[in-house]
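Hi,

Here is the structure I said I would pass on.

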Amino acid sequence: MTGTPTAEKQTHVFETEVKQLLQLMIHSLYSDKEIFLRELVSNSSDALDKLRFEALQNNKLKSLGQDLCIRVEFDKEKRTITVSDNGIGMSEQEVIENLGTIAKSGTKAFVESLTGEQKHDSALIGQFGVGFYASFMVADKVSVHTRRGDVGVDEAVLWESAGDGEYTLEAADKSDIGTRITLHIKEGEDELLNDWKLREIIIKYSDHISFPVEMPKAQTEDEEKNEDAAITYESVNKATALWMRAKSDITDEEYTKFYQHVSHDFQDPLIWTHNKVEGKTEYTNLLFIPKKAPFDLYQGGEKRHGVKLYVKRVFIMDDAEQFIPHYLRFVRGVIDANDLPLNVSREILQNNRVVDTIRAGSVKKVLGLLENLAKNEPQDYIEFWAEFGPAMKEGIVEDTNNREQLTKLMRFATTKTDEPGQTVSLDDYIARMTEGQEKIYFVTGETFQAAKNSPHLEIFRKRGIEVLLLSDRVDEWVTMHMKDYQGKQLESVAKGALDLGSTDDKEDEAQRESEDKDFAPLIAAFKTSLGDKVKDVRLTHRLTDSPACVVADENDMGLQMQRIFKAAGQAMPASAPILELNPEHALLQRLKANMPAQDEINDWGSLLLNQAILAEGGQLDDPAAFVKTVNQLLSAG
Ligand code: ADP
């Protein structure tokens, strides 16, 4: 990581995405330009955390982990603001990686994904910690003078850029370790060159930082006259770890600022929970739920920031994923454990009893928080669900211990609302089940429209039985694991024989028997014609308007699931569907009355099967052949 820096001054070009990001910054994306200071102080605070952590293991750094602080100074004449820290610093290689490229793939992907129009949209970029680059909102030149904690005086690096696509790097001396960032303030931003203004910004955004953020003390008249008088500094912020303070002493605004610091989110958090847990395992957690999901939450993208782990106030790591299950990966905040060794590694955290206890306790708090939100602020909860519902659903599979509570937290679109918004809980559903209804019914589809218009719903709509409309990608998978809730079985309307419980009319039974007899020859002919394209052909009463539908056999994989596997390029045993025919439909009535020749049966069979597959949102193996059949039948008719 270290190494003697390049002696001569070199010019480098920024990575394309950095250039784009700089363009965004310079053309003033933010109305709040003063946040540049928050970003620099936050980086310094991270650098101090890292030094304290590395000092635990690295002898060279041992003596340095003391009197850690951040200093903010300005010079009105030279028009500069300086932010310095005695933290870990950077080697030349680290400077190139950190300040010349966007190291984090998420931010990179985000910048790449912006269209021309979106590039003018400041709201979008608000999701990202653009961090250091924010300096260029107020400065026309930025110098970063940095020396890593474990290298010599002459191994420091000086990085400079005007934010115009290039930066220079050169070797430099630096007597103390850490980083000093000097901003050459743009014309027109003069109000920043002011003691009172800078103090105000620090208190506004960085009060919660656990290290002192110092500024020079106002000088007495004597001191001002004496040019040699040493400058004394004073802390502007409170400088205690916010999560260690008593809840009653922390204002909502302080919590909000702290959230923005740990999450690098520009928005306010939705809600939070702050707990000091005493007893066998002692820890403090402060966990936040964001308002908006990061754009790559469902793309398996990197987990930005996550939950930070501290051990007895010492920062240990970012994104301590062992403490929060994957489905809650959107939770941000800190966990400060008392009973872990300071030299914990990710390996030690695996299968560790203390970690398990903290994790279980933290999940309980988050789920409890959400339960309260659902009860007290149902509208906010619906909005939360719209953002994070698919992730929460993963919990059904991942977190079997909390399945009941998670199921209660789920919200669905249903045939009662017929809106894509997921607003109905299973408790609501059960409370309004029709008389005699014993099960909770659902249908899955590729899209909300496909689920909503599924032919399988016809009989349910006719009888006024509510059906859950599931169209999130995870739904197929989740429903395989969610067998029941409150003693009511969950059942797909597109699988197996239709069982409407005692809502079925008993009088119809006799009629059905005679239908079965009347249709037997036609059914037999279709079976012969369709061969192994179908598992079976049978009559159904689940349809009212459509002539036919396909269903999966009781124990086969659902059709939608088969499609997901296929789309993912995964081999799986294809199970043929069951073709169900509506004996009341005019078309079937006609075919039964005038049984056609086998040729024509072949055409009708293929037409009925293929249209049923299409209505399911499925794809045909041979669409051209289907079109030909349709045209043949139309011209013959
Ligand atoms: P972020 O803070 O979100 O990671 P930045 O662009 O602000 O993104 O910073 C990029 C990286 O540069 C940081 O992750 C850190 O490694 C490094 N860095 C920035 N400021 C400092 C500093 N004062 N001391 C040490 N490293 C720093």
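Gln 486 counts as partly exposed, because its relative accessibility is 46%. This is a predicted model, by the way. You'll find Gln 486 in the loop between E18 and strand E19 (488–492). Its phi is positive, about 50°, although Gln 486 is not a glycine. Lys 312 sits in the loop between strand E12 (307–311) and strand E13 (314–317), and it is partly exposed with a relative accessible area of 42%.

Back to E18 and its sheet. Five strands make an open sheet with mixed pairing, in the order E15-E17-E16-E19-E18. Strand E15 (413–414) and strand E18 (484–485) are the edges, each pairing on one side only. E15 runs antiparallel to strand E17 (residues 467–470), and two bridges join them. Within that pair, Thr 414 is opposite Leu 468 of E17.

Another strand pair to look at is E20 with E22. Strand E22 (residues 578–581) runs parallel to E20, with four bridges between them; Asp 536 has Ile 578 in E22 as its bridge partner.

Helix H10 (residues 353–376) has 24 residues and spans 34 Å from first C-alpha to last, close to the 34 Å expected at 1.5 Å a residue. At its start, a side-chain oxygen of Asn 352 comes to within 2.7 Å of the backbone nitrogen of Val 354. The buried residues of H10 include Val 354, Ile 358, Leu 367 and Leu 370. What covers the buried residues of H10? Among the elements doing so are E10, E11, strand E14 (332–337), helix H9 (346–349), helix H11 (378–398) and helix H12 (403–409). In general, residues three or four places apart on an α-helix point the same way, because there are 3.6 residues a turn.

Asp 356 is also in H10, but it counts as partly exposed because its relative accessibility is 44%. Asp 356 and Asp 265 are 91 residues apart in sequence and 28 Å apart in space, C-alpha to C-alpha.

Leaving aside residues up to four places away in sequence, Thr 281 touches Asp 339, Arg 353, Val 354, Thr 357 and Ile 358.

Last, the cores. The largest nonpolar core has 72 residues, and Phe 330, Phe 384 and Met 392 have the most contacts inside it. H10 gives the most to this core, with 10 residues. Why does the core lie between two domains? Because domain 2 (244–391) and domain 3 (411–502) both give residues to it. Not counting residues up to four places away in sequence, the contacts of Met 392 include Phe 330, Leu 367, Leu 370, Phe 384 and Trp 385. There is also a second, separate core of 55 residues, including Met 25, Val 83, Met 90 and Phe 266.

Cheers

Definitions and conventions. Residues are numbered from 1 along each chain as its sequence is written. This is a predicted model: local features need pLDDT of at least 70, side-chain atom pairs count only at pLDDT 80 or more; totals for chains, interfaces and linings use all residues. Side-chain values use heavy atoms; hydrogens and water are left out. Contact means heavy atoms within 4.5 Å. Two strands pair if DSSP finds at least two bridges between them. The expected span of a helix is 1.5 Å times one less than its number of residues. Buried means under 20% relative accessible area, exposed over 50%, partly exposed in between (1.4 Å probe, protein chains only). A polar contact is a pair of N or O atoms within 3.5 Å; within protein, one must be able to donate a hydrogen and the other to accept it, and residues adjacent in sequence count only if both atoms are side-chain atoms. A nonpolar core is a set of buried Ala, Val, Leu, Ile, Met, Phe, Trp, Tyr and Cys residues joined through side-chain atoms within 4.5 Å. Domain bounds come from an automatic or database domain assignment.
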